Amino acid sequence: MAKVGMVMGSDSDMPVMAKAAEVLEQLGIEYEMRIISAHREPAVFFEYANTAEEKGFKVIIAAAGMAAHLPGMCAAIFPMPVIGIPMHTTSLGGRDSLYSIVQMPSGIPVASVAINGGVNAALLAAKILAVSDAQLLQRLKEYAKGLKEQVQAKDEKLQETGYRKYAEK
């Protein structure tokens with residue numbers, strides 16, 4: 001059963017959501033990904049949000065650009081955590097999306113990550129789930145260890161080659 005619902009308003013959000021999906025898969029977390037427009041198909045959206053809990057979702061990751069209503073509307077209906085990913089926009093660079101997601105009214109919280117922050121949205125969802133899943137917590141620790149090892153390997157290469165040769169790669 002999917003523990004994370006992933007929803008985006010447009011397929012233009014797919015590159016960012018795909019990064020989130022890759023992290024969830026790497027951590028062994030089941031998810032369901034959908035494209036649903038809260039503005040263009042409100043009845044479909046309400047059905048999605050109203051049935052998310054009975055589907056077994058523990059967290060929803062919602063990507064949205066411009067007016068960015070999708071995360072907030074999910075949070076208004078879904079009783080568990082919602083993580084908003086503000087999407088980069090051509091007009092305001094994603095600041096419009098970010099402000100829409102973080103400026104929710106009192107009582108309707110939405111967690112937010114950076115503009116186009118799909119990886120961090122997935123990691124935040126995993127950390128929320130890991131509160132009650134010791135095996136997932138261990139996988140998160142291993143993931144963090146892998147990040148540390150990547151940085152150490154890059155530093156080692158820099159020390160061996162010097163910055164000029166390293167920068168040529």
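At what angle do helix α5 and helix α6 pack, and how far apart are their axes?

I began with the ground rules. The model is predicted, with local features needing pLDDT of at least 70, side-chain atom pairs counting only at pLDDT 80 or more, and totals for chains, interfaces and linings using all residues. Residues are numbered from 1 along each chain as its sequence is written, and side-chain values use heavy atoms, with hydrogens and water left out.

**Entry: α5 and α6.** I looked up α5 (residues 118-130) and α6 (residues 134-168), which pack at an angle of about 140° with axes 8 Å apart. Axes are lines fitted to C-alpha atoms over the stretch in contact, and angles run from 0 to 180 degrees between N-to-C directions. Helices here are DSSP runs (H or I, at least four residues), and strands are too (E, at least two). In the contact (heavy atoms within 4.5 Å) I found Val 119, Leu 123, Ala 126, Lys 127, Leu 129 and Ala 130 of α5. From α6 come Leu 136, Leu 137, Leu 140 and Tyr 143.

**Entry: the largest pocket.** A pocket is an open set of points on a 1 Å grid where a 1.4 Å probe fits, with protein on both sides within 12 Å along at least five of seven lines; lining residues have an atom within 4 Å of a point. I read about 390 Å³ of space in the largest one. Of its 20 lining residues, Gly 9, Ser 10, Arg 40, Gly 65 and Met 66 are closest to the centre. The elements giving two or more residues to this lining are β3 (59-64) and α3 (69-77).

Key. Points joined across faces, edges and corners; volume = space filled by probe spheres on them.
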